[in-house]
Amino acid sequence: MSRGEVTIREESLPELVRAGLDSGLLTFVLGAGEAVREADTVFSCVGTPMSQDGDLDMTAVDAVIDEIRDRLRPGCVLVTKSTVPVGTAARLTRRLGRPDVQVASNPEFLREGTSVHDFLHPDRVVVGAESREAAEHVAALYAKLDAPMMITDAASAELIKYAANCFLAVKLSYVNVIAELCERVGADIGQVTTALGKDHRIGGAFLRPGPGWGGSCLPKDTRAMLRAAESADIDFRMLRAAIDVNVHQRERITDKIARVCGTDSAAPLDGVRLGVLGLTFKAGTDDLRDSPATAIAQELSRLGAELVAYDPALSTGSHPPEPVPGVTIVDDPYQAAKGAAGLVLFTEWPEFRDLDWGRMAAVLDRAVIVDTRNHLDPEALRTARIAWHGVGVRPVVHPAPGLPSPEPR
Ligand SMILES: NC(=O)c1ccc[n+]([C@@H]2O[C@H](COP(=O)([O-])OP(=O)(O)OC[C@H]3O[C@@H](n4cnc5c(N)ncnc54)[C@H](O)[C@@H]3O)[C@@H](O)[C@H]2O)c1
Ligand SMILES: O=c1ccn([C@@H]2O[C@H](COP(=O)(O)OP(=O)(O)O[C@H]3O[C@H](CO)[C@@H](O)[C@H](O)[C@H]3O)[C@@H](O)[C@H]2O)c(=O)[nH]1
């Protein structure tokens with residue numbers, strides 16, 4: 001990192017790190033104790049993953065406290081940026097045992113892939129602390145950003161973060177069920193969500209149907225919120241339903257792929273070769289954590305399908321040959337499609353729109369695509385005589401004028 005080598009795919013981050021190193025404003029050291037020694041403000045941004053049993057794993061958060069306890073400068077403010085359960089600021093204050101150090105909560109709302117932009121242009125900044133002075137100290141660091149500042153108590157700041165992510169998850173599950181309904185009744189999810197989004201009380205963002213929501217945050221944060229509600233004796237039925245719908249969405253997409261690309265036998269995917277476009281949990285990132293694509297791909301593989309995948313963020317050189325068990329990674333989208341009984345698009349990488357569909361049709365064994373994001377232009381595929389099956393919308397399988405039928409199964 002001191003050489004400016006950024007190992008994750010994140011837009012603008014290499015440039016930002018480079019600029020920080022060149023200006024001397026950013027340095028890297030070994031050991032948390034060394035990093036905090038002279039700091040007025042210390043941000044703890046360590047991971048809070050989900051453990052095997054579905055509980056939140058707070059090991060790293062606690063380990064940092066123990067590591068820096070005796071190294072913090074008197075009067076400094078310790079800020080938790082990680083997503084942590086309500087009550088953590090109070091608990092960390094006790095664990096730290098340093099009355100001369102204030103603890104604050106400053107949840108982060110950036111998205112992967114656009115993190116630098118999101119951090120610099122937030123919808124709001126939230127700082128929570130029991131000490132007003134500590135909260136204002138942290139808030140002052142954001143003075144140059146043009147964003148509403150909210151100073152709250154620590155528990156509210158911690159809850160705001162979960163409430164936001166859970167709301168987003170509920171919104172997405174809602175739209176995925178509306179998409180399912182569209183398929184049953186012959187409506188078009190694109191038209192429905194466009195009209196929904198025009199209502200400013202609903203808003204147009206987070207209305208794209210897909211293979212289900214994933215990533216390193218929404219799945220773990222929804223489960224953590226459910227546990228927190230249970231502990232407070234609240235049955236958060238709506239959130240549980242959103243999580244259940246998300247499981248159902250993955251199963252529904254798996255079934256669709258089997259129906260569209262599989263054989264008529266009792267084991268439709270057994271021995272069927274499928275090409276895959278995209279494995280990351282969304283475009284713009286190389287993050288595979290809790291990706292709906294990898295979960296569905298593994299299920300397809302368990303059902304006997306042979307999968308060959310192309311993802312712009314994964315290359316055969318930089319990853320183990322099989323980052324997703326049972327899925328072969330290749331460096332070329334046409335190679336992924338070669339000889340396949342169908343193509344499945346999981347991730348909405350912009351470059352997939354510009355693929356040469358005529359060439360794709362020529363290498364596919366069967367010219368059919370399941371587009372789990374409604375990302376491609378069905379007309380371009382129709383011209384190339386590739387049948388298109390989206391989500392929440394009628395398939396486009398008719399031949400373009402003057403062309404023979406693509407004969408999808
Ligand atoms: N990823 C996101 O988009 C995002 C956005 C908002 C909030 N968050 C929250 O931020 C936190 C971090 O998420 P992430 O995705 O960056 O996790 P991550 O696992 O990718 O990164 C965590 C980092 O913490 C480091 N770490 C662990 N223990 C440490 C220690 N004792 N001292 C110093 N460093 C240590 C790890 O080496 C790792 O680099 C989580 O609580 C997450 O919920 C993440
Ligand atoms: O219209 C949409 C929008 C998103 N998604 C999916 O939802 C998931 C989450 O997407 P996104 O929210 O963009 O990803 P993250 O980078 O995980 O960001 C979320 O999680 C972060 C960590 O807590 C928060 O900081 C962000 O505010 C919150 O958006 C992904 O699987 C997306 O493909 C859809 O299916 N349809």
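Analyst: Helix α3 (residues 59-68) contributes the most to the shell around ligand 1, supplying 4 residues; here helices (H or I, at least four residues) and strands (E, at least two) are DSSP runs, numbered from the N terminus. The model is a predicted one, in which local features need pLDDT of at least 70 and side-chain atom pairs count only at pLDDT 80 or more, while totals for chains, interfaces and linings use all residues. Residues are numbered from 1 along each chain as its sequence is written, and chains are lettered from A and ligands numbered from 1 in the order in which they are written.

Ligand 1 is surrounded by 16 residues, of which G47, T48, A60, S82 and T83 are the closest; a residue is counted as near a molecule if its C-beta atom, placed from the backbone, lies within 6 Å of it. By class, this shell around ligand 1 holds 8 nonpolar, 5 polar and 3 charged residues, where Ala, Val, Leu, Ile, Met, Phe, Trp, Tyr, Cys and Pro count as nonpolar, Asp, Glu, Lys and Arg as charged, and the others, Gly among them, as polar.

Around ligand 2 there are 21 residues, the closest being E112, R208, G210, G215 and C217, and the shell divides into 10 nonpolar, 5 polar and 6 charged. Helices α7 (154-185) and α9 each provide at least two residues of the shell around ligand 2, with α7 giving the most, 3 residues. The shell around ligand 2 also takes at least three residues from each of domain 1 (31-152) and domain 2 (186-409), with bounds that come from an automatic or database domain assignment.

The C-alpha centres of domain 1 and domain 2 are 36 Å apart. Their contact involves 11 residues from domain 1 and 12 residues from domain 2, two residues being in contact if their C-beta atoms, placed from the backbone, lie within 7 Å. On the side of domain 1 that touches domain 2 there are 5 nonpolar, 4 polar and 2 charged residues.

Helix α9 (residues 218-231) packs with helix α10 (residues 237-261) at an angle of about 150°, their axes being 10 Å apart; axes are lines fitted to C-alpha atoms, for helices over the stretch in contact, and angles run from 0 to 180 degrees between N-to-C directions. T222, M225 and L226 of α9 meet L239, R240, A242 and I243 of α10 in this contact, whose residues divide into 5 nonpolar, 1 polar and 1 charged.

Taken as a whole, the chain contains 14 helices and 11 strands, and its C-alpha trace spans about 80 × 50 × 40 Å along its principal axes.
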